[in-house]
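Hi,

Here is the structure I said I would pass on.

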Amino acid sequence: MLISGGAGFLGSYICHALALANDTLFERPCTVSCVDTLVTGSADRIAGLRSRPDFRFIDGSAVDFHGSGAEFIVHAASIASPVIYRRLPLETVEANVIGTWNVLRLAAQGCRSFLYLSSSEVYGDPDDAAIPTREDYVGRVSFTGPRACYDESKRLAETLCRLFFERHAVPVKVARPFNVYGPGLRLDDGRVIPDLIRQALAGGELVLHSDGTPTRSFCYVTDAIAAFFGLLACDADGEAFNVGAPHEVSMRELAEKLAALTGGRAVTSRPSEDSRYLTDSPRRRLPDITKIQRALDWLPLVSLDEGLSRTIRAYGVQA
Ligand SMILES: NC(=O)c1ccc[n+]([C@@H]2O[C@H](COP(=O)([O-])OP(=O)(O)OC[C@H]3O[C@@H](n4cnc5c(N)ncnc54)[C@H](O)[C@@H]3O)[C@@H](O)[C@H]2O)c1
């Protein structure tokens, strides 16, 4: 197994799940190679795996990684935090476009299955008529705005997946995760849940940088990881699947839930210091998950309340 971005939030869960499967489930253990530049990942996440004979960490980039021979590939390398990809836009495009091209080229030499972690951001800011959003929605996306480096490079990466499937028969499946969260997200990551938890831990009020009405849907990490393994094991080559929870939650509702779970803090709205913080930010996010439900019989199992409680507890706060 090759996991690019394996020291990231999602990639490291995949590495740990494989180690557990090697210990308890697989008749023939697999060897896991984790390739990561650590640009946003953390060596701590995989520290417990480094001494295992079935695990290898490669400090390198998906962009020019040459090793191959992997039977299964999960390509999770990217810069995924909105705050960080604005700071490193070219590196974000490079990981998503050149990195995806390179890893697909390795897969074209022969692999049994390839999973690409794309993003719900390929849909941009959908029209209300496209909520809940199905996989065949083509999106409403700015190609020059402050989020374009991420959204557009994820779209081009999906085009590459499709082309390598059509021209080189790479058995690629594409997952489009919708806001996956859980223990292990870096508190300085800039995504909304760790951001609000960080504020709660600091003892202050919870600050929203919008009027609280934009919505997202939040999927607990164990549910997402189960979907990723299901997709890797299925034969829906060339297909893309939404991976998310079928519940729409406003930013204000989310903040109020977190405030209640962390001791009743106040929630306020205040514009971000970054005047373009909300530019092109989607107003609504809600996946239609009929396709993955039919293909894998998959449904998220962990409720938002339960998932948030587990996440907060993991940061050492009694929820
Ligand atoms: N977590 C989510 O909610 C979510 C939602 C949609 C899409 N995704 C996608 O899932 C994937 C994993 O996301 P995550 O939440 O774990 O983010 P993350 O930032 O925690 O992990 C990404 C990892 O990729 C590594 N990386 C970046 N550029 C690299 C390169 N060129 N070569 C090798 N490694 C590189 C980073 O160091 C990091 O460890 C990303 O592709 C992301 O776009 C995540």
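**What I found**

Leu-308 is buried, because 25 other C-beta atoms lie within 10 Å (buried means 20 or more other C-beta atoms within 10 Å of the residue's own, exposed means 12 or fewer, partly exposed is in between, and C-beta atoms are placed from the backbone). Before you read on: this is a predicted model, where local features need pLDDT of at least 70, side-chain atom pairs count only at pLDDT 80 or more, and totals for chains, interfaces and linings use all residues. Residues are numbered from 1 along each chain as its sequence is written.

Back to Leu-308, which sits in helix H9 (residues 304–314); helices (H or I, at least four residues) and strands (E, at least two) are DSSP runs numbered from the N terminus. Leaving out residues up to four places away in sequence, Leu-308 touches Lys-257, Leu-258 and Leu-261 (contact means C-beta atoms, placed from the backbone, within 7 Å). Ala-70 is 238 residues from Leu-308 in sequence, and their C-alpha atoms are 35 Å apart.

Now the ligand. There are 30 residues around it, and Gly-5, Gly-8, Gly-41, Ala-77 and Ser-78 come nearest (the cut-off is a C-beta atom, placed from the backbone, within 6 Å). Helix H1 (9–24), strand E2 (32–36) and helix H3 (89–108) each give at least two residues to that shell, with the largest share, three residues, coming from H1. By type, the shell has 16 nonpolar residues, 13 polar and one charged (Ala, Val, Leu, Ile, Met, Phe, Trp, Tyr, Cys and Pro count as nonpolar, Asp, Glu, Lys and Arg as charged, and the others, Gly among them, as polar).

H1 also has a buried set: Phe-9, Leu-10, Gly-11, Ser-12, Tyr-13, Ile-14, Cys-15 and Leu-18.

As for the whole protein, there are nine helices and 13 strands, and 45% of the 319 residues count as buried. Among contacts with a separation of 6 or more, 81% join residues 24 or more positions apart. Along the principal axes, the C-alpha atoms fill a box of roughly 55 × 40 × 35 Å.

How far can you trust it? Mean pLDDT (the predictor's confidence in each residue, from 0 to 100) is 96, and 99% of the residues reach 70 or more. Confidence is lowest in helix H5 (residues 192–201), with a mean of 92, and highest in strand E11 (residues 240–243), at 99.

Cheers

How values were computed:
Contact = placed C-beta atoms within 7 Å.
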